[in-house]
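Colleague: Before we discuss this protein, please place its sequence and structure before us.

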Amino acid sequence: MANQKGALEGFYRLIMRRNSVYVSFIIAGAFFGERAVDYGVHKLWESKNVGKRYEDISVLGQRPVEE
């Protein structure tokens, strides 16, 4: 229990002591968090839709070959 209290005090001393640092921490966290979620959802969507995407269908956009 004492270790957890020390970690919270360290977090307070490092981040939350000054309002400008705290607000910057929140804004940077939101920015990088949004990027991480966007990348993860994009990769998940691509993995679930392999073979169904426009890029995966080879006959789209091609003219039929006349013999």
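Modeller: Buried denotes under 20% relative accessible area, exposed over 50%, and partly exposed in between, with a 1.4 Å probe and protein chains only. The model is predicted, so local features need pLDDT of at least 70 and side-chain atom pairs pLDDT 80 or more, whereas totals for chains, interfaces and linings use all residues. Residues are numbered from 1 along each chain as its sequence is written, and side-chain values use heavy atoms, without hydrogens and water.

Colleague: What is the relative accessible area of valine 23, and in which class does it fall?

Modeller: Valine 23 sits in helix α2. Helices here are DSSP runs of H or I with at least four residues, numbered from the N terminus. The residue is partly exposed, because its relative accessible area is 39%.

Colleague: Which helix gives the most to the nonpolar patch?

Modeller: The surface patch includes Phe11, Tyr12 and Val23, and its members together have about 720 Å² of accessible area. Such patches join nonpolar side chains (Val, Leu, Ile, Met, Phe, Trp, Tyr) within 5 Å, from residues with over 30% relative accessible area and no salt bridge (a Lys or Arg side-chain nitrogen within 4 Å of an Asp or Glu carboxyl oxygen). Both α1 (2-16) and α2 (19-48) supply at least two residues. With five residues, the greatest contributor is α2.

Colleague: Is asparagine 49 buried or exposed?

Modeller: Asparagine 49 lies in the segment after α2. A polar atom of its side chain is 2.9 Å from the backbone oxygen of tryptophan 45. Because its relative accessibility is 17%, asparagine 49 counts as buried.

Conventions
Patches are made of residues with over 30% relative accessible area and no salt bridge: like charges are joined within 9 Å, nonpolar side chains (Val, Leu, Ile, Met, Phe, Trp, Tyr) within 5 Å. Accessible areas come from the Shrake-Rupley method with a 1.4 Å probe; for residues, only the protein chains shown count as cover. A polar contact is a pair of N or O atoms within 3.5 Å; within protein, one must be able to donate a hydrogen and the other to accept it, and residues adjacent in sequence count only if both atoms are side-chain atoms.
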